[in-house]
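Q: Please guide me through reading this structure, starting with how its elements are named.

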Amino acid sequence: MTERRLLLVNGPNLNLLGTREPEIYGSTTLAQIEQAVTDLAEQHGLAVDAVQSNHEGVLIDAIHAARNACAGIIINPGAFTHTSVAIADALAAVELTVVEVHLSNIHKREQFRHHSYVSPVADMVVAGAGPLGYELAVRFLASRL
């Protein structure tokens with residue numbers, strides 16, 4: 001296993017960051033988040049593989065591939081947070097350190113967003129910190145490696 005590599009997973013609609021509901025998600029684009037994660041990870045001697053998809057199976061395949069290639073996963077599952085047992089099962093199966101990140105505080109939003117299938121398999125959950133949540137995730141994972 002390459003212990004100095006992280007997988008950054010972003011789920012559905014996160015490709016629209018920067019323009020999608022900026023009052024909720026802010027004005028930072030996904031490309032900016034990916035660059036910030038990469039830059040910070042490099043400061044800790046870590047490389048980053050980033051994937052974003054609106055398709056659940058693509059995300060699951062990336063998680064499976066990380067099993068033998070990465071030491072940890074940062075995931076913002078987007079709406080799959082509240083619907084995908086399959087993503088939670090994939091994260092549990094790969095047995096890597098997982099950080100779940102949400103730009104908004106899902107607990108201050110609609111009731112259906114309060115439940116996460118991912119949180120029970122995550123080692124850390126960050127919600128409501130905006131793009132800073134991804135930075136916290138990198139720092140947490142770097143401290144664990």
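A: Helices (H or I, at least four residues) and strands (E, at least two) are DSSP runs, numbered from the N terminus. By that rule, Y25 belongs to helix α1 (residues 22-25). The model is a predicted one, in which local features need pLDDT of at least 70, side-chain atom pairs count only at pLDDT 80 or more, and totals for chains, interfaces and linings use all residues. Residues are numbered from 1 along each chain as its sequence is written, and side-chain values use heavy atoms, with hydrogens and water left out.

Q: Which residues does the UniProt annotation "active site" cover?
A: UniProt positions are given in the numbering used here, feature names are shortened, and annotations may be inferred rather than shown by experiment. The unreviewed entry places "active site" on Y25 and H102. These two are spread over 78 residues of sequence, yet they cluster in space, with a largest C-alpha distance of 9.2 Å.

Q: Is Y25 buried or exposed?
A: The classes rest on relative accessible area: buried is under 20%, exposed over 50%, and partly exposed in between (1.4 Å probe, protein chains only). Y25 has a value of 10% and is therefore buried. H102, in strand β4, is buried as well, at 5%.

Q: Which residues is Y25 in contact with?
A: Contact means heavy atoms within 4.5 Å. Leaving aside neighbours within four places in sequence, Y25 is in contact with L17, R20, L103, S104, R109 and R113. A polar contact is a pair of N or O atoms within 3.5 Å; within protein, one must be able to donate a hydrogen and the other to accept it, and residues adjacent in sequence count only if both atoms are side-chain atoms. The side chains of Y25 and R20 make one at 3.5 Å.

Q: Which residues does the annotation "binding site" cover?
A: In the unreviewed UniProt entry, that label covers N76, H82, D89, L103, S104 and R113. They span 38 residues in sequence, and the farthest two C-alpha atoms are 23.8 Å apart, so they do not all gather at one spot. N76 touches residues including V9, H102, L103 and Y134, not counting residues up to four places away in sequence.

Q: How many salt bridges does the structure hold?
A: A salt bridge is a side-chain nitrogen of Lys or Arg within 4 Å of a carboxyl oxygen of Asp or Glu. The structure holds 3. One of them joins D49 and R5 at 3.0 Å, N to O. D49 lies in strand β2 (residues 47-52) and R5 in strand β1, so this pair ties together parts that are 44 residues apart in sequence. R20 pairs with E21, their closest N and O atoms being 3.5 Å apart, and R139 pairs with E135 at 3.1 Å.

Q: Where do R139 and E135 lie?
A: An α-helix has 3.6 residues a turn, so residues three or four places apart point the same way. Both R139 and E135 lie in helix α5, 4 residues apart, about one turn of the helix. R139 is partly exposed at 39%, as is E135 at 31%. In contrast, the buried residues of α5 include Y134, V138 and L141.
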